[in-house]
Structures are given as C-alpha cells and as structure tokens.
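Here are a few exercises to work through with the model open in your viewer. Try each one before you read its solution.

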Amino acid sequence: MDLPDLIEYCLQCEHCEECTPFGPDILVYKVGGKVFAITGVDSFPVFVNLKCDPERSLLLREQYDGITPAYHMNKKHWNSVALDGRVPASLIRELVDHSYQLVRKSLSKAQRESLR
C-alpha cells in the first residue's frame, strides 16, 4: 500500500473528513471531529498513525517491525504503521477500519446520531 492508496481508503470511510491542521504536509482524517488517522506526505518511509486497542497494539508491534509506537501520540493507544511493504496492505486496511471504529464508538450518542 502506498500513500495514494491509503488516502483513497481513508476517504471511503463513512463521514470521513480530511484536513491539515498541522500544516499542508500532514494529512489528518477524522470522523465526528475526532482523529482516526494521521500521515505525513513528505516522510520517508511513509507512515500512518492509527488508533488501536492497547493489547492488540503490543501484539502487532511484536509481529511486524513496520509497526511501532506512534510518534507524538499516546503510545498505549496509537501505532505508526509503515507503508513500505513491511506490513501487508490487507492488514493496513484492517487497521484503518479498526481505528475508525474505535474513534466512532468513542463519540457521544448525539455525535453519532448527527452522522446519520
């Protein structure tokens, strides 16, 4: 998976919003105003920060050297996932979905209702 594939996949998430609050080189993907993915367009290798269940985060970090604690994020809940072939594209898509669902579930009932 490369950066254009990641961007396209994130934007397919229901009610996804892409923004650049940290400058034009950092793409942020939100649902209900909350972040579920962050990536830098100029980093090499390209990484995406994704929210993850803490126990699963630890297992993934042990299994894949392309998954590490997320830089500048809560390392218990966020992973950096490399888009350089060390992590299969199918797993990256699954982790984007997992992050999206975790964030969406964390929204208040009123926020979730407003997304309908």
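**Salt bridges and strands**

Arginine 104 is buried, its relative accessible area being 15%. Keep in mind that this is a predicted model.

**Exercise 1.** Find the salt-bridge partner of arginine 104 and say where the two residues sit.

*Solution.* Start with the burial call: 15% puts arginine 104 in the buried class, because buried means under 20% relative accessible area. Next, look for the partner: glutamate 14, with the closest N and O atoms 3.3 Å apart. Now place the pair: arginine 104 belongs to helix H3 (residues 89–106), while glutamate 14 lies in the loop between helix H1 (3–11) and strand S1 (16–19), 90 residues apart.

**Exercise 2.** How many salt bridges does a search of the whole structure find? Track down the ones that involve arginine 56 and arginine 86.

*Solution.* The search gives 3. Arginine 56 meets glutamate 94 at 2.3 Å, N to O. That pair ties helix H2 (residues 54–63) to helix H3, across 38 residues. Arginine 56 counts as partly exposed at 23%, and glutamate 94 is partly exposed too, at 39%. Arginine 86 pairs with aspartate 84, and here the closest N and O atoms are 2.8 Å apart.

**Exercise 3.** Which strands does S4 pair with?

*Solution.* Take S3 (residues 34–40) to begin with: 3 bridges join it to S4 (residues 47–51), antiparallel. Isoleucine 38 has asparagine 49 as its bridge partner, and the two strands make a hairpin with 6 residues between them. Then go to S6 (residues 78–82), joined to S4 by 5 bridges, also antiparallel. There, phenylalanine 47 is partnered by alanine 82.

Technical notes: Residues are numbered from 1 along each chain as its sequence is written. This is a predicted model: local features need pLDDT of at least 70, side-chain atom pairs count only at pLDDT 80 or more; totals for chains, interfaces and linings use all residues. Side-chain values use heavy atoms; hydrogens and water are left out. Two strands pair if DSSP finds at least two bridges between them. Helices (H or I, at least four residues) and strands (E, at least two) are DSSP runs, numbered from the N terminus. A salt bridge is a side-chain nitrogen of Lys or Arg within 4 Å of a carboxyl oxygen of Asp or Glu. Buried means under 20% relative accessible area, exposed over 50%, partly exposed in between (1.4 Å probe, protein chains only).
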